Amino acid sequence: MNLRALFRRRDSAPVARERLQVLLAHERSAVGGSDLIAVLQEEILAVIARHVSVDRDKVQIKLDRGDPVSTLEIDVEVPSLLRAAAASGGGRSPEAALRR
Amino acid sequence: MAQVVVVTSGKGGVGKTTSTAALGAALAQGGENVVVVDFDVGLRNLDLVMGAERRVVFDLVNVVQGDAKLAQALIRDKRLENLSLLPASQTRDKDALTPEGVERIVGELREKFDWIICDSPAGIERGATLAMRHADMAVVVTNAEVSSVRDSDRIIGLLDSKTLRAEQGQRMPKHLLLTRYDTARASRGEMLKVDDVLEILSIPLLGIIPESQDVLRASNLGAPVTLASPASVAARAYAEAGKRLKGEQIQVTVPAAEPRGLFGKLFGRRAVA
């Protein structure tokens, strides 16, 4: 074992500690079996589904629980959007509104 | 054809999850398309050992109950694109898994992957029996210690009676993975030897994983040991075990006693005894 390896080996416990702190903070805050991120995700999808038909197979959800911020990425494929907009004669671009 | 492997032991804390992650990564590093599946509903840990705990959105129970599609619940490893994780649910209890749901998911996974490695919960209850139910082969993780060997013997009995293969009258291939092995202690007669365990359990040996700092460091970092320290003795032992799972004939070697660090060398046995 060389010197560098000797020092490098010492830094895994702080990583473990930090990972656990972030994870447990999220797990402890979970209420009724679902955390805030899960609730947000459900409600956001419900809102989108109210306006356009959403194929659940075409929804990609990515999550990164972090500290101090988490990110939730919801990628919704909306194939019928332009046709739906044309049919309703709306001038707005719902596509732009939905873009992340 | 896809191979479903259950990693099981009966006893907790012997290294099932660590071994699932390491074997899965070892197979993926060899070019296979692999998914590791956590069956420990309510006490998941495979996500943590794989370093994917922050990215879990959906889980096995969501897919079983139809709340999410399989593709949405699979988490692709950031280091190996041909390695995926299907996490267990943390908030539900074991009864959320149904035999029909598990059968459907294993069927879907067989279409997508070459290897489906199922991390069984400890015990012999529903979660453990469902994890082994559809297996084509089993890895029995055992420590060279009396209660672990006894529990492994019990699990071997279940593998030969409760699995689909057993019920169809087929043989269930079983492999012994001896983990946390301390060659120095075994040679001093303080620990069962490899041959003792093999004689008692009489199933073929898949590999011997030494008790190792590298394994602890890997789980601290959230990486399978074959990725975190590929050159370590433990990682090489897992890599060889993975090759044996694929059917390669490689002689199993008893790992040499782990070289002591500077501290260990200075203070010798007194410091650890």
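## A cavity, a helix and some confidence scores

The largest cavity is lined by B:Thr18, B:Ala21, B:Val49, B:Val215, B:Ala218, B:Ser219, B:Ala223, B:Pro224 and B:Val225. Here a cavity is a set of points on a 1 Å grid over the protein atoms alone where a 1.4 Å probe fits but cannot get out, and lining residues have an atom within 4 Å of a point. This is a predicted model, in which local features need pLDDT of at least 70, side-chain atom pairs count only at pLDDT 80 or more, and totals for chains, interfaces and linings use all residues. Residues are numbered from 1 along each chain as its sequence is written, chains are lettered from A in the order in which they are written, and side-chain values use heavy atoms, without hydrogens and water.

- The largest share, three residues, comes from α11(B).
- The largest cavity has a volume of about 40 Å³, counted as the space filled by probe spheres set on the points.

**Helix α13(B)**
- Its 13 residues (233-245) should span 18 Å at 1.5 Å a residue, and the end C-alpha atoms are 18 Å apart, which agrees; the expected span is 1.5 Å times one less than the number of residues.
- Just after α13(B), B:Gly247 takes a positive phi of about 105°.

**Confidence in chain A**
- Chain A averages a pLDDT of 73, on the predictor's confidence scale from 0 to 100 for each residue.
- Confidence is lowest in helix α5 (residues 94-98) of chain A, at a mean of 43.
- Where pLDDT is low, the predicted coordinates should not be read in detail.

Methods:
On a 1 Å grid over the protein atoms alone, a cavity is a set of points where a 1.4 Å probe fits but cannot get out, and a pocket is an open set with protein on both sides within 12 Å along at least five of seven lines; lining residues have an atom within 4 Å of a point. Helices (H or I, at least four residues) and strands (E, at least two) are DSSP runs, numbered from the N terminus.
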